[in-house]
Amino acid sequence: QVQLVESGGGLVQAGGSLRLSCAASGRIFNINTMGWYRQAPGKQRELVAAITRGGSTNYADSVKGRFTISRDNAKNTVYLQMNSLKPEDGAVYYCNADTIFTPSGRYFEVWGQGTLVTVSS
């Protein structure tokens, strides 16, 4: 079994920063693309940022220049550095791995449990 565990959410004032972490646990060979999604109340889940195993990244237009995604393949961990936070960034942030390779096979579309980010104005 594999799972993704997020941490780092919390309450921050507008203009502040937070760093989210997501660690994959279990016996893992490697992980393809990892990403961060978010879902605000009453809205659909949306992609915030994604990063391939090789380090290529893409971002939602709304976070470009403010958020940075990175990963440590040796630790099977992905990070999201969020700067200049705005109230509209408040949401539950979910970590995703599109494919996790393990000795027992591949796991597709693995999600974390989510971590809440609240930005006060």
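Trp-36 belongs to strand 5, and the structure in which this residue sits is a predicted model. With a relative accessible area of 0%, Trp-36 is buried.

**Nonpolar core**

- The largest nonpolar core comprises 31 residues, and Leu-4, Trp-36, Leu-80, Met-82 and Tyr-93 are those with the most contacts inside it.
- At least two residues of this core come from each of strand 3, strand 5, strand 6 (46–51), strand 8 (67–72), strand 9 (77–82), strand 10 and strand 12 (115–120).
- Strand 10 provides the largest share of this core, namely five residues.
- In soluble globular proteins, nonpolar side chains tend to be buried together.

**Disulfide**

- The structure contains one disulfide.
- This link is formed by Cys-22 and Cys-95, whose sulfur atoms are 2.1 Å apart.
- The link of Cys-22 and Cys-95 is left-handed, with -80 degrees about the S-S bond.
- Because Cys-22 lies in strand 3 (residues 18–25) and Cys-95 in strand 10 (residues 91–102), the pair ties together parts that are 73 residues apart in sequence.
- Cys-22 is buried, its relative accessible area being 0%.
- Cys-95 likewise counts as buried, at 0% relative accessibility.

**Aromatic pair and the arginine over the rings**

- One aromatic pair is present in the structure.
- The pair consists of Tyr-37 and Trp-111, whose ring centres are 4.9 Å apart; their planes stand at 65 degrees, so the arrangement is edge-to-face, given that planes over 60 degrees apart are classed in this way.
- Tyr-37 is part of strand 5 (residues 34–39) and Trp-111 is part of strand 11 (residues 105–111), so the pair ties together parts that are 74 residues apart in sequence.
- Tyr-37 is partly exposed, at 22% relative accessibility.
- Trp-111 is partly exposed as well, with a relative accessible area of 34%.
- Arg-45 lies over the face of Trp-111, at 4.6 Å from the ring centre.
- Arg-45 also lies over the face of Tyr-94, where the distance from the ring centre is 3.8 Å.

**Thr-115**

- Thr-115 is located in strand 12.
- This threonine counts as buried because its relative accessibility is 11%, and the limit for a buried residue is under 20%.
- The side chain of Thr-115 reaches the backbone nitrogen of Gly-9 at 3.2 Å.
- When residues up to four places away in sequence are not counted, Thr-115 touches Glu-6, Gly-8, Gly-9, Leu-20, Ala-91, Val-92 and Tyr-93.

**Thr-102**

- Thr-102 has its place in strand 10.
- At 7% relative accessibility, Thr-102 is counted as buried.
- The side chains of Thr-102 and Ser-104 are joined by a polar contact of 3.1 Å.
- The side chain of Thr-102 additionally reaches the backbone oxygen of Gly-105, at 2.8 Å.
- Leaving aside residues up to four places away in sequence, Thr-102 touches Val-2, Arg-27, Ile-28, Phe-29 and Tyr-107.

**Asn-73**

- Asn-73 is situated in the loop between strand 8 and strand 9.
- The relative accessible area of Asn-73 is 28%, so this residue is partly exposed.
- The side chain of Asn-73 reaches the backbone oxygen of Arg-53 at 3.1 Å.
- The C-alpha atoms of Asn-73 and Gly-54 are separated by 9.2 Å, and these residues are 19 residues apart along the chain.

Key: Residues numbered from 1 in each chain as written. Predicted model: local features only at pLDDT ≥ 70, side-chain atom pairs only at ≥ 80, totals over all residues. Heavy atoms only, no water. Phe/Tyr/Trp six-rings, centres within 6.5 Å; stacked < 30°, edge-to-face > 60°. Helix = DSSP H or I, 4+ residues; strand = E, 2+ residues; numbered from the N terminus. Buried < 20%, exposed > 50% of the residue type's maximum accessible area, 1.4 Å probe, protein only. Lys NZ or Arg CZ within 6 Å of the ring centre and 35° of its normal. Disulfide = S-S within 2.5 Å. Core = buried A, V, L, I, M, F, W, Y, C linked by side-chain atoms within 4.5 Å. Polar contact = N/O pair within 3.5 Å; in protein donor to acceptor, adjacent residues only side chain to side chain. Contact = heavy atoms within 4.5 Å.
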